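This report goes through one protein chain part by part. Keep the structure open while reading.

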Amino acid sequence: MAAEDMTAKAHAPDAEAPQRAFGFQDADEVLPQYHIEAQTSLVERPLRSLKFGEAFAVLDSYGDIGVLPGPEGLYFQDTRYLSRLHFTIEDQRPLLLSSVMQDDNGALSVDMTTPDIRIDAHDDSSIPREVIAIERTKFLFKGSCYDRIGLRSYDSRKRTFRITLTFDADYRDLFEVRGTNRTQRGKRSVQVASEREVQFRYVGLDEVVRTTAVHFGPKPNRIEAGRAEFEVTLAPGERASLFIRVVCESHRAFTSAPAAEKVGEEAAAGLSAAAGSTGVRPPKGLAEGVVFARAYRDARRDQRQLTAGITTIISSNDQFNEAACRATADLYMLASRTPEGIYPFAGIPWYSTVFGRDGIITAMMSLWIDPNFAKGVLRYLASTQAKTIDPAADAQPGKVLHETRRGEMAMLGEVPFRHYYGTIDGTPLFVMLAWDYYAVTGDRDTIARIWPALELALTWMNEYGDRDGDGFVEYARDTDKGLENQGWKDSHDSIFHADGQLAKGPIALCEVQGYVYAAKNGMAKLAAMLGHDALAESLTHQARQLRESFDKAFWNAEIGTYVLALDGEKRQCAVRSSNAGHALFTGIALPERAASVAAQLLSKDGFNGWGVRTIARGEARYNPMSYHNGSIWPHDNALIALGLARYDLKPEASRIFQGMFDTALYQDQKRLPELFCGFMRRRQRGPVAYPVACSPQAWAAAAPFAFLAACLGLEIDHARNRVRFRNPTLPAFLDGVSIFNVKVGSSRIDLRIQRHADDVTVNVLRRTGDAQIAMLK
């Protein structure tokens, strides 16, 4: 991701502090690009996230925005359209009773009540606490945020009180919210558009007009720019409701030919034409309560349609069921519709957009749950594949998109991420996913449709990816604005030598060579399926050669694992890292190396009790509070678990699954975050949170399904019309798992997997069609 290590580099005196031979404050180290400021932590207070299409909201537990400094807001197309929304009763905040996301993430439900209120200090008039119940419901649908504040009196007398809503729209670009300073901005204005509506307007330097319309129902007693007041009178037992609807819209200020061309380009990127990307305009005169009810109904229908027919899981462990339910809800909340199908946006708040690498890995891990993610990702990335050389975007023909942004800074080129291709691994991962998708679904039509893109990706790997012709794929950015490091660990200091010196490029990453190896093997199988026998044979030979070269160049007997990378001089970055686990995931690791790689990953330096660290404890730049140099990422651990299972190291895979399940138990809503700190696990204490981790994050949400598939050795084989379990096992916290609606071609199967001590049995509960079940040891 386009993110950098945002924590301080100084280390406190700690048992885990690294032993450094020199200081790191040298001339090569400056403030990281596109870093995320951490003056406030996302874990200081519980935050609630909503998303639909290109809009997302970050709210506090009350459902408010901007009461305290932070990233809270209503965002649309990478811009904060609402920076404040504060609800008070007689200028006091209600008492919070509960704040929960509904099980499917469809809405936020908040229960509150009145505090002790003295309306007039000169008499005995007051409202005692807990006499007015307040129920708030918020959700997003098609570019709008809907908010209902329900009131009910449990008092014995009539009460009259004042409700105030204050609101504002700062139109900060997401990169500004993250901490990037700007010297110039566009023009903002606000007006009271009617007795029920306030409208904010921002004309950006990119000639895009962004508007935020705040609608109220019923009519406020007083309305002004940034403030609405209601006088409410409730008799005993009486109810009342207030509705707030915030509509986000954008359009070009001019309709000149260049602007029209830009709009067309955005449509080609597959976002502006996506369903639900613009605000909804209900018929004039329709009551806000009716508008709310209809939108809520339609949003529910949309969610049911999106999740219809997916594979579901119920286990013997209620806590795991909650975690799996939340993971499923997160995946589908982050899913956005494009003309090419659904695409999982990477995460909230910093990455709620298309990321190539993130979408591919999320689709890989959830392929057996719902192959529609993979189909949408493949088609979208094929449609946005680079066709020309563009140094400003780090693009060459055949390269797969890294990131796309719609905000003002991206449109102006202040950041390079409008359509940015600075990822070294997205292209081979794209080809990998194509084979995985076909192996599970047998969808020849989709493969035929994207075949030109797959061929172009292959050409990119061989020509542009291999910069020096040594057979390895390397990266070096083509623009100073681009990312210095272009693997999944893209912090500025994440690739280094054993002495801590930063590696100089072009850099060949360990895991990327594995992705290329798996891509060429997968592409060979696809080529054979389509009748391109000569290409299939050539690719198989190339993959075999790459595996041999990789072992010679990347294996390091002294550290007992594959090294992190090779620098521009082909010197090993002899660092113990989680990257070596991806060599297991892709199968490029030689079988005789697997046990040693696993031992390093699961050692006390590598595994902290919760998961495998990105960088092992004791390495020069190890820092358990860093973004990539000692932290723990659930998706990274999931790929490692799949790799361990591939080499039949199931106890090790189960150990990681256990650690990650234990981690989820300590998280709000049992949701695995983007990452967390790598401090050693301690008794009676949970894992240490990372201050600005996204939650939810798509590939973290998909990780539980990958962990379960790894332990079960679960494979869906369309060609053989079977579901295969290879030497299945279950971790200690799961006595049994039922999996419903497993899809193999036209067959549908319900299965029950039961653990008996160290053995596992699989029973068929229901089957339609003729697909077979195979158990292999």
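## Two packed helices

At what angle do helix α5 and α8 pack, and how far apart are their axes? In this predicted model, α5, which covers residues 356-365, packs with α8 at an angle of about 25°. The axes of α5 and α8 are 9 Å apart. Angles under 35 degrees count as roughly parallel, and therefore α5 and α8 are described as roughly parallel to each other.

The crossing of α5 and α8 is left-handed. On the α5 side, the contact is made by Arg357, Ile360, Ile361, Ala363 and Met364. On the α8 side, the residues are Gly426, Leu429, Phe430, Met432, Leu433 and Asp436.

Helix α8 spans residues 426-441, and α9 spans 444-465. Asp443 lies in the loop between these helices. Is Asp443 buried or exposed? The relative accessible area of Asp443 is 16%, and a residue under 20% counts as buried, so Asp443 is buried.

With neighbours within four places in sequence left aside, Asp443 is in contact with Lys375, Tyr437 and Tyr438. Lys375 is 68 residues away from Asp443 along the chain, and the C-alpha atoms of Asp443 and Lys375 are separated by 9.2 Å. With Tyr437, Asp443 makes a polar contact from side chain to side chain, at 2.5 Å. A polar atom of the Asp443 side chain also lies 3.3 Å from the backbone nitrogen of Asp445.

## A sheet of four strands

Which strands form the open sheet, and in what order? The open sheet has 4 strands in the order β5-β10-β15-β14, and their pairing is antiparallel. Its edge strands are β5 (84-89) and β14 (222-224), each of which pairs on one side only. On average, and with direction ignored, neighbouring strands of this sheet are turned by 15° against each other.

Inside this order, β10 (residues 159-168) pairs with β15 (residues 227-234) in the antiparallel sense, over 8 bridges.

## A loop residue at Thr114

Thr114 is found in the loop between β7 (108-113) and β8 (132-141). Its relative accessible area is 1%, and Thr114 is buried.

What does Thr114 touch, not counting residues up to four places away in sequence? The residues touched by Thr114 are Ile89, Leu95, Ile127, Pro128, Arg129, Glu130, Val131, Ile132 and Ile134.

## A hairpin

Strand β27 (residues 714-717) and strand β28 (residues 722-726) run antiparallel and are joined by 4 bridges. Within this pairing, Glu715 has Arg724 of β28 as its bridge partner.

How many residues stand between the strands of the hairpin of β27 and β28? There are 4 residues between them. In this hairpin, Asn721 takes a positive phi near 55°.

## The chain overall

The protein chain comes to 16 helices and 32 strands. Of its 777 residues, 62% count as buried. Asp443 and Thr114 are examples of buried residues.

Among contacts between residues at least 6 apart in sequence, 68% join residues at least 24 apart.

Definitions and conventions: Residues numbered from 1 in each chain as written. Predicted model: local features only at pLDDT ≥ 70, side-chain atom pairs only at ≥ 80, totals over all residues. Heavy atoms only, no water. Buried < 20%, exposed > 50% of the residue type's maximum accessible area, 1.4 Å probe, protein only. Contact = heavy atoms within 4.5 Å. Polar contact = N/O pair within 3.5 Å; in protein donor to acceptor, adjacent residues only side chain to side chain. Pairing = 2+ DSSP bridges. Axes fitted to C-alpha atoms, helices over the stretch in contact; angles between N-to-C directions. Parallel < 35°, antiparallel > 145°, perpendicular 65-115°, else oblique. Left-handed = near helix turned anticlockwise from the far one by under 90°.
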